[in-house]
Amino acid sequence: MSVWNYVVTAQKPTNVTHSCVGNFTSPQELNLIIAKCTRIEIHLLTPQGLQPMLDVPIYGRIATLELFRPHGEAQDFLFIATERYKFCVLQWDAETSELITRAMGDVSDRIGRPTDNGQIGIIDPDCRLIGLHLYDGLFKVIPFDNKGQLKEAFNIRLEELQVLDIKFLYGCSKPTIVVLYQDNKDARHVKTYEVALKDKDFVEGPWSQNNLDNGADLLIPVPPPLCGVLIIGEETIVYCSANAFKAIPIRPSITRAYGRVDADGSRYLLGDHAGLLHLLVITHEKEKVTGLKIELLGETAIASTISYLDNAVVYIGSSYGDSQLIKLNLQPDAKGSYVEVLESYVNLGPIVDFCVVDLERQGQGQVVTCSGAYKDGSLRIVRNGIGINEQASVELQGIKGMWSLRSSTDDPFDTFLVVSFISETRILAMNLEDELEESEIEGFCSQVQTLFCHYAVHNQLVQVTSSCVRLVSSTTREFRTEWNAPSGYSINVATANATQVLLATGGGHLVYLEIGDGVLTEVKHTQMEYEISCLDINPIGENPNYSQLAAVGMWTDISVRIFSLPDLNVITKEHLGGEIIPRSVLLCSFEGISYLLCALGDGHLLNFLLKLDTGELTDRKKVSLGTQPITLRTFSSKNVTHVFAASDRPTVIYSSNKKLLYSNVNLKEVSYMCPFNSAAFPDSLAIAKEGELTIGTIDDIQKLHIRTIPLGEHARRICHQEQSRTFAICSLKNQSSAEETETHFIRLLDDQSFEFISTYQLDPFEYGCSILSCSFSDDINVYYCVGTAYVLPEENEPTKGRILVFMVEEGKLQLITEKETKGAVYSLNAFNGKLLAAINQKIQLYKWMLRDDGSHELQSECGHHGHILALYVQTRGDFIVVGDLMKSISLLIYKHEEGAIEERARDYNANWMSAVEILDDDIYLGAENNFNLFTVRKNSEGATDEERGRLEVVGEYHLGEFVNRFRHGSLVMRLPDSDVGQIPTVIFGTVNGVIGVIASLRHEQYVFLEKLQSNLRKVIKGVGGLSHEQWRSFNNEKKTVDAKNFLDGDLIESFLDLSRSRMDEIAKAMGVSVEELCKRVEELTRLH
């Protein structure tokens, strides 16, 4: 690995941090807007559910997301503030379906202590000002002028230093805030202030309320006519206004999120820390509050945000589990719950730990994560590409083509599978036992190879062979009519749909036939100057059975042409360049956009936008899918059409957010594919690969495939053991008894079924902190070692822990030996046949000793002090790299002769570490708690001891994500024939559920991509005017410096989504062709 690194996201953030509902994309449309920390998604509410409209990155971590409507506007604007004190106001542009920035700015102050309880951003209900609480003791005001434009911001001093929540009150003639705060005796109170915009100061507000519930930490302002505020505590809920005070006791709980149901604010949904959803009702008469009622509705994911949409449908955004779309029913179900889950949205966050394993043993890594928290804890198996789940298979050699047919036009299912060989055609059909068996269609020619087959109108089937086109009844299976090729000519390629046939014979003849009831009519015939290599007339216009366009690929001049039907006039001619002929063309439509796909004989695929009315081709793009010829076929999955590209690297082409995406299929080599939707195998595909025919269903179409293993408890550490084919995890379960106790376990899981097969319960107050699979010198066995800590309420740091050594015997965890330690065992590493442990501030080495009675024990050999807390340790050879709680990275070495560990070098910066990894002998990677990455280099050539003792910082980058773990490995098949196969990678997992890849580049590659990145920065502007350069600059309390020796792969790969004119602009600035740029960027997308 190297100093020059490329950071890219394989899985975007999934943790939902904010959501809001309003009329954003038009005055009539209701939108749900979701923030996932560094991304924004805009959805449209439709009767069918949520429809995604936009998903964009934000160059900042979102702290506030609020919709508001300035005076005189017909629809809402979106206000966003980021954790690095930038803000923007966004508006939807319906013409371009993009976000326009209405206002932007920086609200940071030079001095000021950032608030402990997170930033607060609020908007006055009458749109007179935006209020921000960013620093202790200050309230920042951004006023609006009467045209709804933002004016200059100013600060007002706020006496209350420990602010828990601030909201604007409704129905006040002057803008009024309500402040929930804690005094220096830990008592909690509420105060109100009027904001005097002219004097830039606070005026004492209409009321205040002292000595609230000690757990009060959330304010909900109530809209008119009632006004006032709800104060949500852990044991009481209070309604408060200038002239009323009502309180009710509640079951002890911590409310995490709320959502308003009615516009008048008489009902609210409350979500608590255990995932329980309550309805809070304010009872009132004649606009006076008479009381409060609370009712349990049921259980959801642990909510971080709740948005009531419409018609009792609610969006629950979660940081600890999958987000959900739920319906609130009027009647409870059998379990007494009013909650019905309509849809779940995968969330991998927080990824606390993960391991990379090749479970299928195919040379492709899969990531198994410890995801979620508390009751929503789970394991997630994440792998790249789309899986095919095999349902049936049969051995067949030499397949040359496949087509599925129905027995009548209105039959919903396919009956026949036509399989063509070099000198015969076989028909397979499903029998009554749901097995594939040989069948016959009497009217078909079975002694010859079939070139094409299709079902046709009037309950007919059409078969094209090298000599003729036959029409057969699909109900009686009898021959009806045929069209014969002129003598001396044979048909080379053919295609058909339900009403049309297009074929080409030798000598460049192109013949167009139409299908009637028992008749085939030759409508048009034309001769081309060259031979024809491929054809398509897939109907993508208005009529599903008739195409007005035909696509034709040519030999010799290597072109693709668009003809109009029925008159066979050339309307477009596109030269493909190069010497490789087009082998397969396809007219297709994705998300309402028409495309022409054209596959070449060397594994390249071109795609064009196609204008249906003129046949014009634009926006040419080229990708490399493999090295062998590709055949293209459409298929549908979940009522959406996709394209399957069969070749040596089979790929599914699909569209998301109106962009074409390519996802590899986890199969070695596929020669032909056709959809086979039979009653026994609905929505399946028939796949011909080397020597066999398989029928299987396809996974969800996405680039990453995620499988969930719900645990109902919180997994915190995971480790895989190849020899016993198991995983071991450290997990904790909350026993919901009176005194909320936690029990910690070591659990053993089978690595194929993921079922618990053995459990070891830890002592009370004992936590599992680290886990490792390793073997020791002079011992053939493989062990699981677990490091623990006794976490006692009265201690600041654990003073006691254990190292447990287990062996898997007959699927059970057997405790072989244990060793008590004087602190928490934060990390365990296998080290030259010994065990290296990080215990509080000390690094300790144990050797594995054989006792006289034949049993083993761990015996302390040597150690090293000098850390604050040694939390993260990685080793390589005799070198030990330690990530400290607050003292960055240090490098230790083990000396065999002296049997001692000593410090060799350290980074003297103060970084609070969250993960470390060794990239190579001299370069170490770290992540820290301000969401930055950095690399340090060992300076072995230094002239003085002082120089050699310093780890030099060589790379810095703001990731914007909290990394919990790095692991060496790859998510993709490493194919030796590609450049990418040689690039070493490290995978990381974060609190927001991001899985990312860090790839080390060669220097010349880095220089080229850095130039591309800086050109892209000029062309691709950040949403809300946020700067990419500032966002990626390394930033902590002490300093902000530009990123160095790290590149943003997400920005670089977005080059492929640009329009052709933008690509040209960048290619010109780079001095290379667009094709070359696309090729180089596509290679990089193969890293993940």
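Trainee: Is Glu952 buried, exposed or partly exposed?
Mentor: Glu952 is partly exposed, as its relative accessible area is 35%. Please keep in mind that this is a predicted model.

Trainee: Which residue forms a salt bridge with Glu952?
Mentor: The partner is Arg937, and the closest N and O atoms of the two are 3.7 Å apart. Arg937 belongs to strand E80 and Glu952 to strand E81 (residues 952-958), so the pair links distant parts of the chain, 15 residues apart.

Trainee: And how accessible is Arg937?
Mentor: Arg937 is partly exposed as well, at a relative accessible area of 32%.

Trainee: How many salt bridges does the structure hold?
Mentor: There are 51. In general, side chains can pair when they carry opposite charge and their charged atoms come close.

Trainee: What about Arg802, which residue does its side chain meet?
Mentor: Arg802 meets Glu766 in a salt bridge, with an N to O distance of 2.8 Å. The two residues are 36 apart in the chain, with Arg802 in strand E68 (residues 801-809) and Glu766 in strand E66 (residues 766-774).

Trainee: Why does Arg802 count as buried?
Mentor: Arg802 counts as buried because its relative accessibility is 6%, and the cut-off for buried is under 20%. Glu766 is buried too, with a relative accessible area of 0%.

Trainee: Now Lys834: which residue is its salt-bridge partner?
Mentor: Lys834 pairs with Glu861, at 3.0 Å from N to O. Because Glu861 lies in strand E73 (residues 856-864) and Lys834 in strand E71 (residues 834-839), the pair ties together parts that are 27 residues apart in sequence. Glu861 is partly exposed at 24% relative accessible area, whereas Lys834 is buried at 18%.

Trainee: Which residues are linked in a network of salt bridges?
Mentor: The network links Glu574, Arg620, Arg1060, Asp1064 and Glu1075.

Trainee: Changing topic, which residues form the negative surface patch with Asp434?
Mentor: Asp434 forms that patch together with Glu433, Glu435 and Glu437. Asp434 itself sits in the loop between strand E36 (425-430) and strand E37 (436-439), and it is partly exposed, with a relative accessible area of 44%.

Trainee: One more loop, please: where is Asn930?
Mentor: Asn930 is in the loop between strand E79 (923-928) and strand E80 (932-937). Despite its place in a loop, Asn930 counts as buried, at 18% relative accessibility.

Trainee: What does Asn930 touch, leaving aside residues up to four places away in sequence?
Mentor: Asn930 touches His958, Asn1035, Asn1036 and Glu1037.

Notes. Residues numbered from 1 in each chain as written. Predicted model: local features only at pLDDT ≥ 70, side-chain atom pairs only at ≥ 80, totals over all residues. Heavy atoms only, no water. Helix = DSSP H or I, 4+ residues; strand = E, 2+ residues; numbered from the N terminus. Buried < 20%, exposed > 50% of the residue type's maximum accessible area, 1.4 Å probe, protein only. Contact = heavy atoms within 4.5 Å. Patch = residues over 30% accessible without salt bridge, like charges linked within 9 Å, V, L, I, M, F, W, Y side chains within 5 Å. Areas by Shrake-Rupley, 256 points an atom, 1.4 Å probe, with all protein chains shown as cover. Salt bridge = Lys/Arg side-chain N within 4 Å of Asp/Glu carboxyl O. Lys, Arg positive; Asp, Glu negative; His and termini not counted. Charge placed at Lys NZ, Arg CZ, Asp CG, Glu CD.
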